[in-house]
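This briefing is meant to be read beside the sequence and the 3D view.

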Amino acid sequence: MRDFNLDKLTRENVKGLSPYSSARDEYVSDGTEMVFLDANENPFSNGVNRYPDPQQRSLKSVLAEQKGVKTENLLLGNGSDEVLDLIYRAFCEPKEDNIITLPPTYGMYKVLSGINNIENKEVLLTANFEPNVDEILATANNNSKILFLCSPNNPTGNSFTAAKMHQLLEEFNGLVVVDEAYIDFSPQESWVTQLANYPNLIVTQTLSKAYGLAGVRLGICIASEEIISVLNKIKPPYNVNELTQQRAKERVLDIDSVKQEVSKIMIEKEALSKVLLQVSFIEKVYASDANFILAKVDDATKRYNQLLEKGIVIRNRTTQPLCENTLRFTVGTPKENKQLINVLNQINN
């Protein structure tokens, strides 16, 4: 982004804010045994009677090492949805500013724009599910604060062309949020490696997909120290609870198990894609860099209901732009995928 100035993008009321200073911000333990009488906690130990580290230092140190960044480049949230909401609240003035999204894409961008009273300018992806760069830049105006790029994209599964992404990062005069919820399943390199080149770049990731921790809710924001500093001003003091921090650290440290599971999912996805192509009512199977497959069928609502009646729950995406009569299949375990294939064969008429 040319002449990037974060101060111009930050909301005026946020600039002057001082973040809430909690008891655990004012005293950071160095491991020395202390008597804690500062935070009005219940003193009887049960493992969670103390407030969690508001900056998640131990977990961040592991994540920072794995992702090749400094801890100052990280903000953790109660799922990626909280991270996204904080970005809106820090940089978008209600009733004045707008964001740009590229349907079909993750639905929470639109929901959060409504919650925060921010106009959502939609620019449809092209027929082959790529960003329409010229249309995006033509749609943007002086109040366009954020462009959301979900890559690999949900629900289409494809990664956007790197050249288009570079052009948007260079020419969009605002923040570019690259949502990498599915990056661990993709052969593409994470855009975290480009942080030094683009001060307007924000990358969001999650432990809900490849790491198998959807139930603990842990979202990751990776950006410049300046952007993270602004977000830290407005984040709730104890937004990531102690149990989440402990469980997330255990899983992140067990990276070999994560890689093995991802590898198994990828093998299953390839096999499932081939089988889906043999089903008569499936007209097209789209290439995917994620842990799901989007398929075009003859009648999405009919086939969705047939699968549901047989105990298989998938997503009907037919209401999404460019996704008429499409179904999205998450890749399950070998046993689950076999069940799906059996049911598809049963209704294959």
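A residue is called buried when its relative accessible area is under 20% and exposed when it is over 50%. By that criterion strand β1 (residues 74–77) is covered on both faces, with L74 and L76 buried on one side and L75 and G77 buried on the other. The model is a predicted one, and the points below are grouped by topic.

- β6 is joined to β7 by four bridges, the two strands running antiparallel, and V203 stands opposite I222 of β7.
- β6 also pairs with strand β5 (residues 175–179), here in the parallel sense and again over four bridges, with V176 standing opposite L201 of β6.

**Nonpolar cores**

- The largest nonpolar core has 50 residues, and the residues with the most contacts inside it are L147 and L218; helix α4 (residues 57–67) gives the most to this core, with four residues.
- Once neighbours within four places in sequence are left aside, L218 is in contact with L59, L76, G77, G79, T206, L207, V240, T244 and A248.

**Helix α11 and what it packs against**

- Helix α11 (residues 255–276) has 22 residues and reaches 31 Å from its first C-alpha to its last, which is close to the 32 Å expected at 1.5 Å a residue.
- The buried residues of α11 are V258, V262, E268, K269, L272, S273 and L276, and because they cover an arc of only 140° around the axis, they lie on the same side of the helix.
- In general, an α-helix has 3.6 residues a turn, so residues three or four places apart point the same way.
- On the other side of α11, the residues D256, K259, K264, I267 and K274 are exposed.
- The elements against which the buried residues of α11 pack are α10 (242–253), β8 (282–285), β9 (292–297), β11 (326–330) and α13 (334–346).

**The four-stranded open sheet**

- Four strands form an open sheet in the order β8-β9-β11-β10, with antiparallel pairing; β8 and β10 (315–316) stand at its edges with a single partner strand each, so one side of each is left without a neighbour in the sheet.
- β9 and β11 pair in the antiparallel sense over five bridges, and A295 has L327 of β11 as its bridge partner.

- S22 lies in the loop between α2 (12–15) and α3 (23–26), and because its relative accessible area is 2%, S22 counts as buried.
- The side chains of S22 and D25 are joined by a polar contact of 2.9 Å, and, leaving aside neighbours within four places in sequence, S22 is in contact with P54, P237 and Y238.
- Q56, in the loop between α3 and α4, has a positive phi of about 50° although it is not a glycine; with a relative accessible area of 1%, Q56 is buried.
- K95, in the loop between α5 (79–91) and β2 (98–101), likewise has a positive phi, of about 70°, although it is not a glycine, whereas its relative accessibility of 72% makes K95 exposed.
- K95 and N117 are 22 residues apart in sequence, and their C-alpha atoms are 5.8 Å apart in space.

**Cis peptide bonds**

- P103 and P104 are joined by a cis peptide bond with omega of about 0°, and P104 lies in the loop between β2 and α6 (108–115).
- The peptide bond from S151 to P152 is also cis, with omega near 0°, and P152 lies in the loop between β4 (144–150) and α8 (162–171).

How values were computed
Residues numbered from 1 in each chain as written. Predicted model: local features only at pLDDT ≥ 70, side-chain atom pairs only at ≥ 80, totals over all residues. Heavy atoms only, no water. Buried < 20%, exposed > 50% of the residue type's maximum accessible area, 1.4 Å probe, protein only. Polar contact = N/O pair within 3.5 Å; in protein donor to acceptor, adjacent residues only side chain to side chain. Contact = heavy atoms within 4.5 Å. Expected span 1.5 Å × (residues − 1). Arc of directions from axis to C-beta. Core = buried A, V, L, I, M, F, W, Y, C linked by side-chain atoms within 4.5 Å. Pairing = 2+ DSSP bridges.
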